[in-house]
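Student: I would like to go through this protein model with you. Could we begin with its surface?
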Amino acid sequence: MKIRVYLLALVVINSCFDIMAQTNSKDLDTKIESILSQLTLEEKVAMCHAQSKFSTPGVARLGIPEIWMSDGPHGVRGEINWDKWGYAGWTNDFATAFPALTCLAATFNPERSEEYGIAVGEEARYRRKDVLLGPGVNIYRTPLNGRNFEYMGEDPFLASKMVVPYIQGVQQNGVAACLKHYVLNNQEVWRNKVNVKVSERALYEIYLPAFKAGVQEGKVWSVMGAYNKYKGQYCCHNEILLNKILKNDWQFDGVVITDWGGATNTREAALYGLDMEMGSHSDGLTVSADYAYDYYYLANPYLELLKTGEVPISTVDDKVRRILRLMFRTTMNPDRGLGRMNNREHLDVARKIGTEGIVLLKNEDFFPIDPNKELTLAIIGENATKALTPGGGSSELKAKDEVSPLRGIKERFKNAKIIHAMGYNSGPPQYGKVIPPKYNNDSLKTAAVAAAKKADLVLFIGGLNKNHYQDCEGGDRLDYGLPFGQDELLDAVVKANPNTGMVLISGNAVEMPWVDKVKGIMQAWFLGSQSGHAIADVVSGDVNPSGKLPFTFPVKLEDNAAHYYGEISYPGVDYEQEYKEDILVGYRWHDTRKIKPQFAFGHGLSYTEFQLFNAEINSKNFEKGDAITISCSITNTANMAGAEVVQVYVGKNKSKVPRAVKELKGFQKVYLEPGETEDISIDIKIEDLAYYDESISDWNLEEGSYTVYVGNASDNISRTFKIRVK
Ligand code: GLC
């Protein structure tokens, strides 16, 4: 009886919440309509475009506030001038630099995403920003893309699972997240004009899912249109992507914001789903005698079309309704907190995500290095000391304090004799161009080899560095290898001392001609303010690495799907591009074409050992509405606490359409003390096995047999099950 009463109470409470939510949204709509009815046409149009680099006007007459935005996905960017690119030189805009989103994705842990979103949202709130311009979830298609470090890897399911809690975390501060760059912005070459041709199936199966999850599960309040075109129309005002898919099919009720300068046509901007125009190519107060923002596409030109009736007033009303809804969720939300920034908690979140996202790729008893041993440790490589929170483009940060790897290691390895040699040097970060380095690399190399000779162990801390062409917005990498002569330097260092391990700091895969020459390889991402501590935590064994690769490391560039089909596939020809690999992106390509990667998607070693056993499946036969439940036990069989990520992939046998061998459909991270065993279960909805069928423009769940793969990496499957779907 008691249970029934309890359940009844739950139902009543739930329905109250539903009613409250509905009345809230009814209330909200009533308020929006009442404000809308008071606005002049000029005031409505003004709200739809920028008044400065990063703000849009409110309606002062009515006390409706402005909207203020800031980059970026990894932390709140330093204050930009009112009307010119460049920093305003404030002294109160230092912030916490959180790890790059590749690192967050590599944790395979949605709890870390929520912590991340809450913390970065608190900092945006404290800096009085109403929209935080992130997260980015463009799929990792080529290892050359300059902005992969800002995104969540090559798999749509992983990105979908990791982006939702981040959005929810940010928005619980009363700050809008801004999901970007919608969509198909998978490279920086010609990003402002490339017209991407991709099959509808690949669009829906690979490139849209993370955006759909962000909108439908994350309830994101704003979306940023990408610079490029899809089907010949710019993404910032695109009838299919914005009006049909985003606003109609997915019921997105927020604001579509251009990427800065992404608007190109007034009529299209009016009719094809754009709500807010930012960063158009006027530099504010100097281009025209009048107010240059009046020349924006959604400014006077739009006002004209409205006045002549060429475009209906309903278009601006819809935009303003969405903008007012964004305001009620943020700047006009009386209940939102006050935020906070640069505190210990945020640094701890950054450090925890950093340590949990680091991926141990290779280890021949090199890592961990015992911090209590009295040994001579040579730290070689510019990334050991180079500040990496600046650079990279719009996601760069003015970190209050950035702990370098050298500093972190010195503080942790107190008993060691540390010798540092830069080994190579690059120039300072500069958007859009390469500044030559200051020193001659030969002399640096000589000093580095000498340091290696004197050491018991060598840690080479290299990689990319967010300079132009080296993991930076506005340009892709020009080749797959490490820059600044690192390969040759590493060869010389290893010859001088074979006890060498590599700490690779990058947001992309790189070519590794030295992969067999070093005793250990650790993939450390751009880790932000706590880089040095996070790296030292893992190198010393204080933290057992548990990260898994969110994207594949091909042995050579030609092994990557995007680079298999020649120029038309990457970077395109005459601004036309075709994603000819279709759905076979990343491990989907490597598995299906049997091209062994250097390191596989989902790969990541540990300092301990795990055993996965008793894997079971709830049935062999399924139909629509069912769920596959994979249960298994996992034991930490060695003597160090650690975490493992159980991954479940599914593939269709003898499909009537081309398919990848297997696709990630579930994962779970498990933390275990030495000797501890945990039973876990992972559910997969049968509908999630459907493929996108272009002949019906909808998802199609194919009958027949499937294989379910259970393992701890895409190339390390320990159990398979055959199932049938009726
Ligand atoms: C940049 C980026 C975008 C950023 C915006 C504002 O061009 O593409 O991610 O948020 O402009 O800086």
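Tutor: Accessible areas come from the Shrake-Rupley method with a 1.4 Å probe, and for residues only the protein chains shown count as cover. On that basis the accessible surface of the protein comes to about 27,300 Å², of which 51% belongs to carbon and sulfur atoms. This is a predicted model, in which local features need pLDDT of at least 70 and side-chain atom pairs count only at pLDDT 80 or more, while totals for chains, interfaces and linings use all residues. Residues are numbered from 1 along each chain as its sequence is written, and side-chain values use heavy atoms, with hydrogens and water left out.

Student: How many helices and strands are there in the protein?
Tutor: The protein has 17 helices and 26 strands. Helices (H or I, at least four residues) and strands (E, at least two) are DSSP runs, numbered from the N terminus.

Student: Why is it described as compact as a globular protein of that length?
Tutor: The radius of gyration is 26 Å, close to the 27 Å that the globule rule gives for 726 residues, so the protein is as compact as a globular protein of that length. That radius is taken over C-alpha atoms, and the rule is 2.2 Å times the number of residues to the power 0.38. Along the principal axes, the C-alpha atoms fill a box of roughly 80 × 70 × 55 Å.

Student: What percentage of the residues is buried?
Tutor: Buried residues make up 62% of the 726. Buried means under 20% relative accessible area, exposed over 50%, and partly exposed in between (1.4 Å probe, protein chains only).

Student: Let us turn to charge. How many positive and negative side chains are there?
Tutor: There are 81 positive and 92 negative side chains, and the centres of the two sets lie 1 Å apart. Lys and Arg count as positive and Asp and Glu as negative, without His and the chain ends. Each charge is placed at NZ of Lys, CZ of Arg, CG of Asp or CD of Glu.

Student: And how many salt bridges?
Tutor: The count is 42 salt bridges, each being a side-chain nitrogen of Lys or Arg within 4 Å of a carboxyl oxygen of Asp or Glu.

Student: Which residue does Arg61 pair with?
Tutor: Arg61 meets Glu43 in a salt bridge, at 2.7 Å from N to O. Arg61 lies in the loop between strand E1 (55-56) and strand E2 (67-70) and Glu43 in helix H2 (residues 41-47), so the pair ties together parts that are 18 residues apart in sequence.

Student: Is Arg61 buried or exposed?
Tutor: Arg61 is exposed, because its relative accessible area is 52%. Glu43, at 16% relative accessibility, counts as buried.

Student: What about Lys44 and Asp317?
Tutor: Their side chains form a salt bridge of 2.8 Å, N to O. Lys44 lies in helix H2 and Asp317 in helix H11 (residues 313-329), so the pair ties together parts that are 273 residues apart in sequence. Both Lys44 and Asp317 are buried.

Student: Now Tyr116. Where is it placed?
Tutor: Tyr116 is in helix H4 and counts as buried, at 0% relative accessibility.

Student: Which residues does Tyr116 touch?
Tutor: Leaving aside residues up to four places away in sequence, Tyr116 touches several residues, including Pro73, Phe98, Tyr166 and Ile353. Contact means heavy atoms within 4.5 Å. Tyr116 and His346 are 230 residues apart in sequence and 8.5 Å apart in space, C-alpha to C-alpha.
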